[in-house]
Amino acid sequence: MQLDVFTLIPHAFAWLTEHRPVASVLGGELDLRLFSYRDTSPLRARQVDDEPYGGGAGMVLRVDVVAAALDAVYGGRPEHRVVALSPQGRQLDQPLVEELAAEQRLTLLSARFEGFDERVVEHLATDAVSIGPYVLSGGELPAMVVVDAIARRLPGALGDEESGINESFSDALEGGLEYPHYTRPAAFRGWGVPDVLLSGDHARIDAWRREQSRLRSVRA
Ligand code: SAM
């Protein structure tokens, strides 16, 4: 998959690319490219933002700057999905992650300040996606959330492919929450581990996990 991120802070993504799951699929299943709006800004001094028409606080990321960045990389408007990261977009959930992970090419646009000139969302993007009903200062963290969530769905991303099958919101758990996990020590400060997990009886363990998953999902 080719995943392109447009941002004002490309270096913010350094740590993401150094660790699993992104590091495991980079150069293989994932071709992650980072582009700075400033590098292709057609304006003096690589300006990217401007005051809002009508007045008010803050600055707005200009539509001509975003268009110039897309033109420079794709030679025009891309044919594939272009997602504008916005708190006003469709809320990200696992079905949307699966949908995006199935794309061959995907572009993420992040903004800062007051956000995008609305014409970016209306005319340059195909989708607007929010990572949750709260406002962050910029689209870099939302873009990293989307990249990480997509990367772990790509073949070879996880040390053990099994961990991507039985996890919260997966089809294997019927979209529910995953069961609890425990590891050594079996006893710690008087806190034990459910006996069934120490029994070695895989059928019982499996049944217990499914029940725990069901209970947690009902409670949530
Ligand atoms: N003025 C905007 C509003 O009230 O809807 C908020 C702009 S926010 C300070 C700046 C940028 O951060 C947004 O344009 C978007 O790219 C990103 N951003 C902030 N919160 C986000 C969220 N929950 N999901 C996705 N992107 C977000």
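Select Arg 189 to begin. In this predicted model, Arg 189 is exposed, with a relative accessible area of 66%. The residue counts as exposed because its value lies over the limit of 50%. Arg 189 belongs to the loop between helix 6 and helix 7. Its backbone also deserves attention: phi is positive, about 50°, although Arg 189 is not a glycine.

**Along the loop to Pro 185**

Remain in the loop between helix 6 (140-151) and helix 7 (202-219), and select Pro 185, which is placed there. Display the backbone atoms of Arg 184 as well. The peptide bond that joins Arg 184 and Pro 185 is cis, with omega at about 0°.

Now move to Pro 21, in the loop between helix 1 (14-18) and helix 2 (22-25). Here too a cis peptide bond is present: it joins Arg 20 and Pro 21, and omega is about 5°.

**The loop between strand 2 and strand 3**

The next selection is Arg 46, in the loop between strand 2 (31-36) and strand 3 (49-50). Phi of Arg 46 is near 55°, which is a positive value in a residue other than glycine. Is Arg 46 buried, exposed or partly exposed? With a relative accessible area of 43%, Arg 46 is partly exposed, because this value falls between the limits of 20% and 50%.

Select Pro 42, which is found in the loop between strand 2 and strand 3. At 52% relative accessibility, Pro 42 counts as exposed. Which residues does Pro 42 contact, once neighbours within four places in sequence are left aside? They are Asp 64, Val 65 and Ala 68.

**Across to strand 5**

Draw a distance line from the C-alpha atom of Pro 42 to that of Gly 89. These two residues are 47 residues apart along the chain, and their C-alpha atoms are separated by 28 Å.

Centre the view on Gly 89, a residue of strand 5. Gly 89 and Val 129 are 40 residues apart in sequence, yet 4.2 Å lies between their C-alpha atoms. If residues up to four places away in sequence are not counted, Gly 89 touches Ala 128, Val 129 and Ser 130.

**The largest pocket**

Select Leu 85, Ser 86, Pro 87, Glu 114 and Gly 115 together. Among the 25 residues that line the largest pocket, these lie nearest its centre. Which of the elements gives the most to the lining? It is strand 5, with five residues.

The volume of the largest pocket is about 500 Å³. Colour the lining by residue type to see its composition: 13 residues are nonpolar, nine are polar and three are charged.

Proceed to Thr 7, placed in strand 1 (residues 2-7). Is Thr 7 buried or exposed? Thr 7 is buried, because its relative accessible area of 0% is under the limit of 20%. Display the residues around Thr 7 next. Leaving aside neighbours within four places in sequence, Thr 7 is in contact with Phe 13, Phe 35, Ser 36, Tyr 37, Ser 110 and Glu 140.

**The whole chain**

How many helices and strands does the protein chain have? There are seven helices and seven strands. Followed along the sequence, they give the pattern β-α-α-β-β-β-α-β-α-β-α-β-α-α.

The C-alpha atoms fill a box of roughly 70 × 40 × 30 Å along the principal axes. The radius of gyration of the protein chain is 21 Å, whereas a compact globule of 220 residues would have one near 17 Å.

Of the 220 residues, 42% count as buried. Among the contacts between residues at least 6 apart in sequence, 71% join residues at least 24 apart.

Notes: Residues are numbered from 1 along each chain as its sequence is written. This is a predicted model: local features need pLDDT of at least 70, side-chain atom pairs count only at pLDDT 80 or more; totals for chains, interfaces and linings use all residues. Side-chain values use heavy atoms; hydrogens and water are left out. On a 1 Å grid over the protein atoms alone, a cavity is a set of points where a 1.4 Å probe fits but cannot get out, and a pocket is an open set with protein on both sides within 12 Å along at least five of seven lines; lining residues have an atom within 4 Å of a point. Grid points are joined across faces, edges and corners, and a volume is the space filled by probe spheres set on the points. Helices (H or I, at least four residues) and strands (E, at least two) are DSSP runs, numbered from the N terminus. Ala, Val, Leu, Ile, Met, Phe, Trp, Tyr, Cys and Pro count as nonpolar, Asp, Glu, Lys and Arg as charged, and the others, Gly among them, as polar. The radius of gyration is taken over C-alpha atoms; the globule rule is 2.2 Å times the number of residues to the power 0.38. Buried means under 20% relative accessible area, exposed over 50%, partly exposed in between (1.4 Å probe, protein chains only). Contact means heavy atoms within 4.5 Å.
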